[in-house]
Amino acid sequence: MLHDPARHETLTPSAWDEARARRAIHDIVADTEARFDAKRWWPVHPLDQEGDDTGVVETPMYHGAAGVVWALHYLQDAGAVRLARDYLADWEHLLAANGEWLASQGLEKEHASFLMGDTPIRMMAFARAPDAGHAAALHALIAGNAGHPARELMWGAPGTLLAALFLHERSGGDAWAELFRATAATLWQQREWSEQHGCAYWTQELYGSRSTYLDAVHGLVAAAVPLIRGRHLLGEEEWDEWRRCIANTVRRTATVENGQANWRPQLFGTQREADKKLLQFCHGAPGFVICLAGFPGDELDDLLAAAGEATWTAGPLAKGSNLCHGTGGNGYTFLVLYRRTGDPRWLERARAFAMHGTEQVERDVARYGQGRYSLWTGDPGFAIYLWDCIRAQAAFPTLDVF
């Protein structure tokens, strides 16, 4: 078995109901707006509190106020909701608060981080007012992060590589394309080779230790997102080398059983870690499918379909509806496969997970007395998943769209 049944729930047999999905989006947004505090942004959920520190103000894109602001305005721009106020108008306050959060965590050198630092906040401000000051600040952040030892999406160069690509797509500026190519070249030079596994990988210096993650947040496959999407900015030979590298590592590290596929978190991780049999976006098959959504050609299609079957067989995640390690994130697996194949069975499965996740949101609000105000780990991110199920599209927040 490729998953741990204790980490999953039995799928509830609720039929797809678009009206219910729309109500859930409305309810999540209305609750999020009602709980906004101009000084403290949004209350931290009990599941996100660490130790006895209940006074912290969480601000990062991943699990804090920046991500909630992004999600709310994304849903409004997409036509899903109408907001009661402009949450991005006070972006300078948010930027300052995020700097305070980084300092409180001993992360003063991590302002460039794509999911935890200042880069995404400045990107939102730049999208609204694309002036030279924002551009210069973003260029400095991204360029300064090219050699980051984490070599992963959340803190390292793969995350700011994606930021450079989004900025190039928005503005068309050559400076962003050059920054993209330079960062990609640095990452290529940093790759290592495993004779044991016959594939390339990176070593991440992360959280005070050295790791060899493969996954969709901290690993090599996360870097595939900007490289695949931005391959037109690379030379033909350079992209072909990346294509062969990515495909080989993905295939050589897959575990395939009975037509299903999953991946262990680390290339050289411990057996104890491998025994966890994680099957979620951040570690496991769903993240591989989502990060490889735009991989050209069909050479990985068999593995992607097998990963989808493993995700469906495992069922919704017990950790709730969220994107990173919950039912919504796993549901994007099916939306991606629907986009790649056109097979309506994948859309049906995505919508089945949407209904189950809606029940998880309702259940958790009743249990904790509040919503979970976070893009990657909470309700606003799941609301975006519901919206994508309604429109039958796959656009994973901050990976596929910004």
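Tyr207 counts as exposed because its relative accessibility is 58% (exposed means over 50% relative accessible area, buried under 20%, and partly exposed in between, with a 1.4 Å probe and protein chains only). The structure is a predicted model, in which local features need pLDDT of at least 70, side-chain atom pairs count only at pLDDT 80 or more, and totals for chains, interfaces and linings use all residues. Residues are numbered from 1 along each chain as its sequence is written, and side-chain values use heavy atoms, leaving out hydrogens and water.

Tyr207 sits in the loop between β3 (204-206) and β4 (209-211); strands (E, at least two residues) and helices (H or I, at least four) are DSSP runs numbered from the N terminus. Most residues other than glycine have a negative phi. Tyr207, although not a glycine, has a positive phi of about 55°. Asn258 also has a positive phi, near 50°, and is found in the loop between β5 (254-257) and β6 (260-263). Asn258 is exposed, with a relative accessible area of 80%.

Ser374 is buried, with a relative accessible area of 0%, in the loop between α14 (344-368) and α15 (379-391). Leaving aside residues up to four places away in sequence, Ser374 touches Tyr62, His63, Val68, Asp379, Pro380 and Gly381 (contact means heavy atoms within 4.5 Å).

Helix α7 (residues 174-190) has 17 residues and should span 24 Å at 1.5 Å a residue, which agrees with the 25 Å between its end C-alpha atoms; the expected span is 1.5 Å times one less than the number of residues. Buried residues of α7 include Trp176, Phe180 and Trp188, and what covers the buried residues of α7 includes α5 (132-144) and α9 (236-252).
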